[in-house]
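Q: I would like to learn how to read the features of a structure one at a time, with the general idea given before the particular case. Could we begin with the loops and the backbone angles?

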Amino acid sequence: MPATAFSHVLEPVTLGSLQLRNRVIMVPMGTEMGDHDGHLTDREVAYYAERAAGAGLVCTGINAVTDDYEVINEGLGRVDTDAAIPGLRKLAEAFHARGGAVSVQLTAGLGRNINNIDPERLPISASDNTHWLDPSVRCRPLETHEIKVIVQRFKEAAERCAQAGIDAIDIHGHTGYVIDQFLSPVWNRRTDEYGGSVENRCRFAAEIIAAVKEGAPGLPVSFRLSVDHHFEGGRTPAESVEIARQLEAAGLDLLMVDEGSYEAMDYVFPPYYLGDNCMMGSVRMFKEALSIPVLGCGNLTPERAESAIAAGEMDFAGIGRALIADPEWALKLAEGRREDIRPCIRCNQLCVGNAFVGQPLGCAVNPTVGKERERVLTPAATPKRVAIVGAGPAGLEAARVAALRGHTVDVYEKGEQLGGVLWPAATPEFKKELRSMIFWWERQLADLPVTVHLGTEIAADSPELDGADAIIVAVGTEPVAPPIPGLDGDNVVEVIDAHLGADLGHRMVVCGGGLSGADFALEMQEKGHDVTVVEMADGIAPDLLMINRITLLRDHAEAGVTLLTGHRVVEVNAAGVKVDGPDGPVQIAADTVVSAFGVRPATALVEALQARGAVAVGDCVKPAKVGDAINAGFEAAFAL
Ligand SMILES: Cc1cc2nc3c(=O)[nH]c(=O)nc-3n(C[C@H](O)[C@H](O)[C@H](O)COP(=O)(O)OP(=O)(O)OC[C@H]3O[C@@H](n4cnc5c(N)ncnc54)[C@H](O)[C@@H]3O)c2cc1C
Ligand SMILES: Cc1cc2nc3c(=O)[nH]c(=O)nc-3n(C[C@H](O)[C@H](O)[C@H](O)COP(=O)(O)O)c2cc1C
Ligand code: SF4
């Protein structure tokens, strides 16, 4: 696509009085990079500032405005005292030095969603709701005077932002946090002026908008509204339109349309199963109902962003993780380099996954995230001849980084294509972003001093490595085949071969319910096969991040995959598979049996090449996820 194909996304625009260089807004994403007191660190400022050119406006993750009634969780940003101002000022200055603009997201707190329940201090909410996870804990409805205090705290926080030079303010109204608890009748059963009618339920939010405007005169104010909670009894888009109208009347400058709730957390952090543009269903409805600008987001592709803005369906493209993965998202579109945008593979592994365990944000495909100051690809002091064995994610990333640092790289791959296990792993349509990653490396390596030798199997004594100054070995894994009678039968196919086009019958039993088996089962069931997964453990894909797992299991159920957990495969025979479970042995009929028992590192070659001074990276050290392989490949090449 020529650069002009994205002319609507890239068009300069004003938001209130704020001039923005394009219509891309990086939506708020918490970083866990703040200091112990919840204030911005230089590391965090560097992470945000790196994205200044990749979007017209960059929003920070949430910041609490008060701890009057709720403990502020460690790791959460906070703007509740003047101590936040120096960090905010550094942030604003970093953006302005780069010609960018930055917005700070403010929250009234989590209420019934709070992580750590303090027995001395009941969670706050609009009404006496139960805690979202622990129904034995009842929340305390906020008193009217307490609501007024929180509104006042928003004004004070906005004043601090304005004083520091911040350009805009976003109000966190979604995900079932405190403001959302007031907006929705599912959580708001008040009988005072903050409950009942739509106008009353919106009063708290409307007062916050007014307070922010008063505290930061002239700064545009946006609001993130979950327009579809995606759970029984939660809010629907039609109800949300009424709320949006109230917010507009309160003086809002931009509505950020969003979906999900803690009850449907996969919409808050949409994994690859949800597919492209997964929250765009009702954006047009809001655009038509309002006269203020509207933003749509959620696995948004550049093409959909462009067509939606061009068609008047929305005004701003909300881009989240794609800007973590590639900080130059909009810049590359502007330069006509769409295919150079490093794809976010929507794995949630090191962004959400890290946040969930209180670790700073990272990224599966971009190892510089959170290390923007340290991991600068400067030329190596001594350029070397580098040999890389294996062209999977670890080898390809190592090749890219080594070449960018000025080394001359030869990549040896025994297969006939790049990508390693990623190639078969990416055959399901819902995993197409993994394929995009392979194309991305292909494109990056094409312009670098990298020679790829396909169909070249390296052995311990291969002469190809003789002239190398450094060897990186990234040869991946080999499948595990447990000693089960019949597993070598003609009706058995290894999961990678199954992905790569082996003949597959209608009825299938997938032996092993790890991620590879579980995803394969979903792909096949969706293609019309009748699939049963047999897993010895009590759950499917136990190592998968909780959010992704919620979606996987829902998709399994919707597609009709049969899951047989707590069962062990004891025999493969001509009629299928015999399994043993709590109720004794059972025979499951199958035309094809797929072996997905997992993998083990290809240690023999690794050890032999280590004897020649090689550094091993990726699955050949310890089988893990693609993000681990990429990050390890980066580190090895960066250390050369
Ligand atoms: C079916 C399946 C689905 C998966 N799905 C996901 C997923 O959704 N998300 C995720 O994060 N991870 C997933 N994984 C895991 C992920 O693919 C791996 O963690 C990742 O590919 C490891 O990268 P690597 O570069 O270390 O090894 P590999 O990808 O295994 O690449 C190793 C390469 O080395 C080559 N090689 C081996 N020996 C030699 C030799 N002697 N000479 C030359 N070349 C050699 C191989 O041909 C291969 O190309 C999946 C794995 C499988 C099997
Ligand atoms: C690591 C991470 C942290 C997030 N933190 C916030 C947050 O602080 N405030 C918020 O409104 N949304 C937050 N979100 C949701 C995102 O703003 C966005 O809605 C979501 O990532 C979907 O957009 P995307 O597909 O473009 O990433 C977060 C998402 C991620 C991945
Ligand atoms: S960790 Fe995965 S989901 Fe998160 S930004 Fe990186 S590629 Fe995207």
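Q: In which loop is Asn 348 found, and what is its phi?

A: Most residues other than glycine have a negative phi. Asn 348, which lies in the loop between α11 and α12 (352-356), has a positive phi of about 65 degrees although it is not a glycine. Helices here are DSSP runs of H or I with at least four residues, strands are runs of E with at least two, and both are numbered from the N terminus.

Q: How should I regard such a value in a model, and how are the names assigned?

A: This is a predicted model, in which local features need pLDDT of at least 70 and side-chain atom pairs count only at pLDDT 80 or more, while totals for chains, interfaces and linings use all residues. Residues are numbered from 1 along each chain as its sequence is written, chains are lettered from A and ligands numbered from 1 in the order in which they are written, and side-chain values use heavy atoms, with hydrogens and water left out.

Q: Is Asn 348 buried or exposed?

A: Buried means under 20% relative accessible area, exposed over 50%, and partly exposed in between, with a 1.4 Å probe and protein chains only. Asn 348 counts as buried because its relative accessibility is 1%. His 230, in the loop between β10 (221-228) and α7 (237-249), also has a positive phi, of about 60 degrees, although it is not a glycine; His 230 is partly exposed, with a relative accessible area of 28%.

Q: Which residues surround ligand 3?

A: A residue is near a molecule if one of its heavy atoms lies within 4 Å of it. The shell around ligand 3 includes Asn 348, Arg 321, Arg 346, Cys 344, Cys 347, Cys 351 and Cys 363. By class, the shell divides into nine nonpolar, one polar and two charged residues, where Ala, Val, Leu, Ile, Met, Phe, Trp, Tyr, Cys and Pro count as nonpolar, Asp, Glu, Lys and Arg as charged, and the others, Gly among them, as polar.

Q: What does helix α9 pack against?

A: Contact means heavy atoms within 4.5 Å. The buried residues of α9 (residues 302-310), among them Ala 305 and Ile 309, pack against β13 (316-319) and α11 (329-334). Ala 317 is in strand β13 and is buried, with a relative accessible area of 0%; its contacts beyond four places in sequence include Ala 305 and Ile 309, as well as Arg 23, Val 24 and Ile 25.

Q: How many residues does the largest nonpolar core have?

A: A nonpolar core is a set of buried Ala, Val, Leu, Ile, Met, Phe, Trp, Tyr and Cys residues joined through side-chain atoms within 4.5 Å. The largest one has 143 residues, and Phe 154 and Ile 179 are among those with the most contacts inside it. Its largest share, eight residues, comes from helix α3 (residues 144-164).

Q: What area is buried between domain 2 and domain 3?

A: The size of an interface is often given as the accessible area lost when the parts come together. Here the buried area, which is lost by two parts on being put together (1.4 Å probe) and summed over both, is about 850 Å² between domain 2 and domain 3, with carbon and sulfur atoms giving 67%. Pro 424, Phe 430 and Lys 625 lose the most area in domain 2, together 51% of what that side buries. An automatic or database assignment sets the domain bounds, giving domain 2 (385-479 + 601-638) and domain 3 (492-597) among the domains of the chain.
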